[in-house]
Amino acid sequence: MREPRSMDAMGVFPSENTNFTNGFIRVNRTQLLPSQADERKAIALPVLMFAGGALGNIIAIVVLSISRQDRKSSAFYTLVCGLAVTDLLGTCLASPLTIANYLDEHILENGHLCAFQSFLLLFFGVAGLSIICAMSAERYVAICCPYTYRRWRVGRRFAQKFLFAIYVSNVLFCCLPMMGMARSELQTSLTWCFIEWRKQDPLPAAYTFLYGTASLSLILATVVFNVAVCGTLLLMRKKTVQRPVTRASVRERWVALSSAAETQMIVVLVLTSVVVLACSAPLVARVFANQIMHQDYHQADLTAIRIAAVNPILDPWIYILLRRSLFKRVLRSSRRVRISQNKRSSPPSPSSQTLFNPGPEPTIGSSHVLTQLLSNSNVITQLPAYIPYDPEAQQQARGDTLENV
């Protein structure tokens, strides 16, 4: 804790810009102007971060809430919405304290406010990691263990109950410092509060290691689940492409190769995981470093907490930019660009257009042939996967053939 400055008889903190003449205080305003400008610049950053985080998460929640009913009923998008709500609450609760500290530098000297800000940073840090780990586990069970996924009836209700369990367990876990297991302290930069992570006392050190271990376990579990999901999808696609073409496998290959919804889920999961883990890992590393080395690198601590504060600002734009309609448009435009590049890269030479090689067909004929091929593929996909064996029908058919002969 910093030592409070002594006030004079009029309750004003004396500074280098304060002159005392005949018992009156005269402030050199020309010297105060640069410091006021610096304060305005400093407070502009947390205000912009608060506005960006709140606005982005509100838009993300609206986008997720107006999506189709079948998507809203899935467990994955329920967890995505839960992460957006968690980021919104973290932004709306933690940012006002930071802005108030820029307005009044003594506000965090209040022990209750300091403990509250420390609780917010602890809770929303581990809650975001828990939800992203739950999203990765849900995709892993859905793709790698589909029978277990159906047996557990994983859906919207299941995800809501799991979110409630995450919130309750994390609230209890982050309330342990208030219950006496550790204490919150104002950090060296005097702008934020966190747990005592350089103490050698057994109980505070145990909680610091426990918090760091829990966060690190969630990070490693998320990485393992994502690698397993992506590896399984790549193996499934490779086997599907290499499988010989038969009538029974046409529908299976068609579904496997054109699953845009599944691809969108994986892209959202991977990008969100990268953002959350990249923003949370520096703070987790500082937790272990401070408790093991017991050295004050306050600039590294401040950088880590600032990186963690960027997480709720970046997360919602992943859901907004990768919503299904925009995702399909991006895929279509990429395919059109690829086709146009292929056409430009291999134009037919005039000398090669002879009587036996007259060149490309007209556009109308090509579209007609393409329509015929698509209709034929639809007919093939509607064929049954197998032909039932009926001995009585075959005997009757043979009898009819003999009679005709």
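The entries below record what I looked up, in the order in which I took the topics.

**Entry 1, the whole chain.** I note at the outset that this is a predicted model. I found 13 helices and 4 strands in the protein, and of its 405 residues 33% are buried. For the accessible surface I wrote down about 25,600 Å², with 64% of that belonging to carbon and sulfur atoms. I also looked at contacts between residues at least 6 apart in sequence, and 76% of these join residues at least 24 apart.

I then turned to α10, which runs over residues 298-321, has 24 residues and spans 36 Å from its first C-alpha to its last, close to the expected 34 Å. The helix is bent by about 30 degrees at proline 312, and Pro312 is itself among the buried residues of α10, which also include Asp301, Asn311, Asp315 and Pro316.

Which residues are linked around Arg198 in a network of salt bridges? I found that Arg198 is joined in this network with Arg286, Asp296 and Asp301. Aspartate 301 pairs with arginine 198 at 2.6 Å between the closest N and O atoms, and this pair connects helix α10 to the loop between β4 and α7, across 103 residues. Aspartate 301 counts as buried because its relative accessibility is 1%, under the 20% limit. Aspartate 296 also forms a salt bridge with arginine 198, with the closest N and O atoms 3.2 Å apart; here the aspartate sits in the loop between α9 (260-293) and α10, 98 residues from its partner. Aspartate 296 is partly exposed, at a relative accessible area of 41%.

**Entry 5, another pair.** The structure holds 5 salt bridges, and one that I looked up joins the side chains of arginine 183 and glutamate 196 at 3.1 Å, N to O. The two residues are 13 apart, with arginine 183 in the loop between α6 (156-174) and β3 (184-186) and glutamate 196 in the loop between β4 (193-195) and α7 (202-242). Arginine 183 is exposed at 55% relative accessible area, whereas glutamate 196 is buried at 5%.

Key:
Residues numbered from 1 in each chain as written. Predicted model: local features only at pLDDT ≥ 70, side-chain atom pairs only at ≥ 80, totals over all residues. Heavy atoms only, no water. Expected span 1.5 Å × (residues − 1). Bend = angle between axes of the 7 residues up to and from the residue. Buried < 20%, exposed > 50% of the residue type's maximum accessible area, 1.4 Å probe, protein only. Contact = heavy atoms within 4.5 Å. Areas by Shrake-Rupley, 256 points an atom, 1.4 Å probe, with all protein chains shown as cover. Salt bridge = Lys/Arg side-chain N within 4 Å of Asp/Glu carboxyl O.
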